[in-house]
Amino acid sequence: VGKTKIIEDDSWTSSWKDYVKTMEIIPGLYVEPKWEEGKTPEGTDCIIIDTESSFGTGNHETTQCCAKLIALHGKGAKHILDIGTGTGILLFVAEHVLQGEGEFVGIDLDAKAVAQAIQNGEYNHSKAVFFEGDLDAVYEGVADLIIANLTGDPLKILLPTIIKKLSSHGILIISGIVEDRLSEILPYIHADYQIVETMKKKNWYTFALRKKHETSICK
């Protein structure tokens, strides 16, 4: 006869932290969970992240691929926008890549996520600012690097709107696209964007995009 073990909510909520460790997200830059402080190798830079859930710690494939594409294509950006910023991790990666030069803005619909991102910004002495709200209401300008690590349904809704916020020569990095839903997302991409680069890790796709018939200033 099988045995059932009852796990208290508090234990379940914190147990995932045992499996989230300090990791190198791009060369020379580590993500260090707040509960793992002091584990980053000497002579390297780190982003300190605290969170109430495992997503946004750098351990997910979509976060890792977004970080790599930021390092590859974001170096010429001056205005950086992170949509669905969560813990703020990808905005902090962009800030590292750009050596703090530029304007860094994160937005999220979840007030708790925004509060956590602000706290993480303080841990990292970041100049990034974070706002609660939707894209049209919160961000009035245009950005030359936009990051949107979301999921399929929000991307289908937002891709036609994001293009109005992307500068003529800017780069958009999107992720959260699981392989079996790729065919749903591609028509929304091809409607307005060119694919600059595709990354796949396990069954997750990440894209660097630019507006059709434009050449990116980001490198």
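**Exercise 1. Determine how many disulfides the model contains, and account for the state of Cys65 and Cys66.**

Step 1. With a disulfide taken as a pair of cysteine sulfur atoms within 2.5 Å, the count comes to 0 disulfides. The model is predicted, so local features need pLDDT of at least 70 and side-chain atom pairs count only at pLDDT 80 or more, whereas totals for chains, interfaces and linings use all residues. Residues are numbered from 1 along each chain as its sequence is written, and side-chain values use heavy atoms, with hydrogens and water left out.

Step 2. Cys65 is in no disulfide; its nearest cysteine sulfur, that of Cys66, is 7.4 Å away. For Cys66, the closest cysteine sulfur is in Cys65, and this distance is too far for a bond.

Step 3. Buried means under 20% relative accessible area, exposed over 50%, and partly exposed in between (1.4 Å probe, protein chains only). Cys65 counts as buried at 5% relative accessibility, and Cys66 counts as buried at 0%.

**Exercise 2. Give the strand order of the open sheet and identify the strands at its edges.**

Step 1. Strands (E, at least two residues) and helices (H or I, at least four) are DSSP runs, numbered from the N terminus. Two strands pair if DSSP finds at least two bridges between them.

Step 2. The 7 strands follow the order β6-β5-β4-β7-β8-β10-β9, with mixed pairing. β6 (129-132) and β9 stand at the edges; each has a single partner strand, so one side of each is left without a neighbour in the sheet.

Step 3. β8 and β10 run antiparallel and are joined by 5 bridges. Ile177 has Tyr205 in β10 as its bridge partner.

**Exercise 3. Explain why the buried residues of α7 line one face of the helix, and state what covers them.**

Step 1. In α7 (residues 182-192), the buried residues are Leu182, Ile185 and Ile189. Seen down the axis, the buried residues fall within an arc of 70°, so they line one face of α7; the arc is that of the directions from the helix axis to the C-beta atoms.

Step 2. An α-helix has 3.6 residues a turn, so residues three or four places apart point the same way.

Step 3. The cover over these residues includes α6 (152-165), β8 (166-178), β9 (193-201) and β10 (204-211).

**Exercise 4. Find which residues Val93 contacts beyond its neighbours within four places in sequence.**

Solution. Counting heavy atoms within 4.5 Å as contact, Val93 touches Ile25, Ile26, Leu29, Ile47, Ala67 and Ile70.
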